[in-house]
Amino acid sequence: MDRIISLKQAFSQVFGDGDGLTVARAPGRVNLIGEHTDYNDGFVFPMAINMDIVIGGRKRPDQLVRIHSIDYQRTVEFSLAQPITNDDEESWSNYPRGVLWAMQEAGVHLSGMELAFFGTIPQGSGLSSSAALEVATAVLVQRLIGSTIPRPELVLLCQKAENDFVGMKCGIMDQFISVLGQKDHALFVDCRTLAYERIPLELGDYRILVCHSGVKHSLVDSEYNRRRQECETGVAILAAKYPAVKALRDADLAMLSACQDRMDPVVYERCHHVITENARVLKSIKALKAGDLVTFGQLLNQSHASLRDDYEVSCPEVDLLVELAQESHGVLGARITGGGFGGCTVNLIHVDAVEAFKERVVPAYREKTGLEAQVYVSTAANGAEILN
Ligand code: GLA
């Protein structure tokens with residue numbers, strides 16, 4: 001409740017008063033396992049976290065859109081009478097702009113509006129603050145203008161905003177979980193069919209601990225898109241021999257090794273990661289359903305090794321953080337989470353070992369890197385919703 005009040009106060013300061021405000025929120029996410037599989041038609045297993053974006057807004061009678069970032073103390077303004085374009089100076093605004101653009105592309109008639117938002121998801125941490133901002137904007141604007149795009153389509157609309165307006169060729173995972181997350185559940189998604197299953201996260205005495213390395217990643221640049229291309233190259237080689245292979249989802253390790261001599265070693269390794277990672281997601285779901293947390297933890301560790309060695313999306317700092325965690329008492333598994341090149345680790349840890357993690361892992365990491373790691377223990381949160 002006090003979040004709505006502080007939002008209203010900040011809104012009034014910029015836009016004169018906080019009357020008639022509708023408020024929405026959308027969460028960030030931590031991906032438990034299934035990394036760099038979404039754009040390969042594969043499987044992912046994220047959960048929504050307690051950190052989110054809160055956005056408030058109301059319609060205007062004209063064509064003017066004003067968007068205010070409470071955290072940055074910046075406001076942008078543009079008219080819907082002109083096509084919506086990117087703003088390189090205020091790049092934070094490209095996420096809500098992109099959503100409004102994608103809504104127009106979907107045939108939605110927009111009106112002018114005033115929006116203000118703040119967030120608690122650390123940016124550049126691999127916890128999907130951008131997807132949360134897109135989804136929060138979409139859910140709020142839907143309500144403001146009375147449009148009724150069903151939720152699965154809203155996910156695709158937000159992804160389109162990021163792919164085609166912001167220019168980051170992300171998969172579907174982040175927007176999906178931000179829209180469809182559910183308290184105490186993680187979401188198993190088949191990224192080919194978009195079929196999903198909410199799996200109760202029954203961890204007993206164990207917790208999901210997210211640890212931010214303090215290394216900010218930047219995904220909009222080349223490395224992420226390059227990985228996608230390497231996967232596509234792999235698919236083309238596999239498909240030449242096995243026409244049924246439309247995506248790495250359709251290949252197995254036997255097929256991959258039959259094509260190895262025609263593949264650049266780097267492409268081979270990228271494919272190796274994706275194929276084994278998809279299998280690890282399926283095994284994780286099975287282990288969790290059987291209450292076998294030890295196996296789930298081992299799969300997390302294997303996922304990290306694969307992301308570090310085959311997919312090469314980790315970095316020395318995050319590798320160190322994972323190693324320290326894996327050696328730490330009460331930790332069943334640890335790995336890098338999200339797009340990579342910095343950001344966060346996800347750890348499966350006994351509730352009694354959380355303090356020891358803070359007392360040992362964090363200082364040991366500081367000593368070797370000079371960086372201050374941030375620790376968050378998160379339960380699985382709900383997806384996007386209107387708050388008032
Ligand atoms: C980023 C992208 C997601 C996904 C992950 C890697 O978070 O936005 O679509 O590809 O990287 O698993």
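A crossing of two helices is called left-handed if the near helix is turned anticlockwise from the far one by less than a right angle, and right-handed if clockwise. The structure described here is a predicted model, in which local features need pLDDT of at least 70, side-chain atom pairs count only at pLDDT 80 or more, and totals for chains, interfaces and linings use all residues. Residues are numbered from 1 along each chain as its sequence is written, and side-chain values use heavy atoms, with hydrogens and water left out.

The chain contains 11 helices and 12 strands, taken as DSSP runs (H or I, at least four residues, for helices; E, at least two, for strands) and numbered from the N terminus. Its radius of gyration is 21 Å, in agreement with the value near 21 Å that a compact globule of 388 residues would have; the radius is taken over C-alpha atoms, and the globule rule is 2.2 Å times the number of residues to the power 0.38. Along the principal axes, the C-alpha atoms fill a box of roughly 60 × 50 × 40 Å. Of the 388 residues, 59% count as buried (under 20% relative accessible area, with exposed meaning over 50% and partly exposed in between; 1.4 Å probe, protein chains only). Among contacts (heavy atoms within 4.5 Å) with a separation of 6 or more, 71% join residues 24 or more positions apart.

Two helix pairs were examined. Helix 8 (residues 265-289) packs on helix 9 at an angle of about 170 degrees, and their axes are 9 Å apart. Helix 8 is therefore roughly antiparallel to helix 9. Angles run from 0 to 180 degrees between N-to-C directions, and axes are lines fitted to C-alpha atoms, for helices over the stretch in contact; angles under 35 degrees count as roughly parallel, over 145 as roughly antiparallel, 65 to 115 as roughly perpendicular and the rest as oblique. The crossing of helix 8 and helix 9 is left-handed. Residues of helix 8 in this contact include Glu 269, His 273, Arg 280 and Leu 288, and those of helix 9 include Leu 293, Phe 296, Gln 302 and Asp 309. By class, the contact of helix 8 with helix 9 has six nonpolar, seven polar and five charged residues (Ala, Val, Leu, Ile, Met, Phe, Trp, Tyr, Cys and Pro are nonpolar, Asp, Glu, Lys and Arg charged, and the others, Gly among them, polar).

Helix 9 (residues 293-309) also packs on helix 10 (residues 316-327), at about 160 degrees and with the axes 12 Å apart. This makes helix 9 roughly antiparallel to helix 10. Helix 9 contributes Asn 301, His 304 and Arg 308 to the contact, and helix 10 contributes Val 318, Asp 319, Val 322 and Gln 326. Two nonpolar, three polar and two charged residues make up this contact. The crossing of helix 9 and helix 10 is left-handed.

The loop between helix 9 and helix 10 holds Glu 312, whose phi is near 50 degrees, a positive value in a residue other than glycine. Most residues other than glycine have a negative phi. Glu 312 is partly exposed, with a relative accessible area of 39%. Leu 194, in the loop between strand 6 (185-190) and strand 7 (196-200), likewise has a positive phi, near 65 degrees. Its relative accessible area is 24%, so Leu 194 is partly exposed.

Thr 137 belongs to helix 3 (residues 129-145). With a relative accessible area of 0%, Thr 137 is buried. Not counting residues up to four places away in sequence, Thr 137 touches Ile 55, Pro 96, Val 99 and Leu 115.
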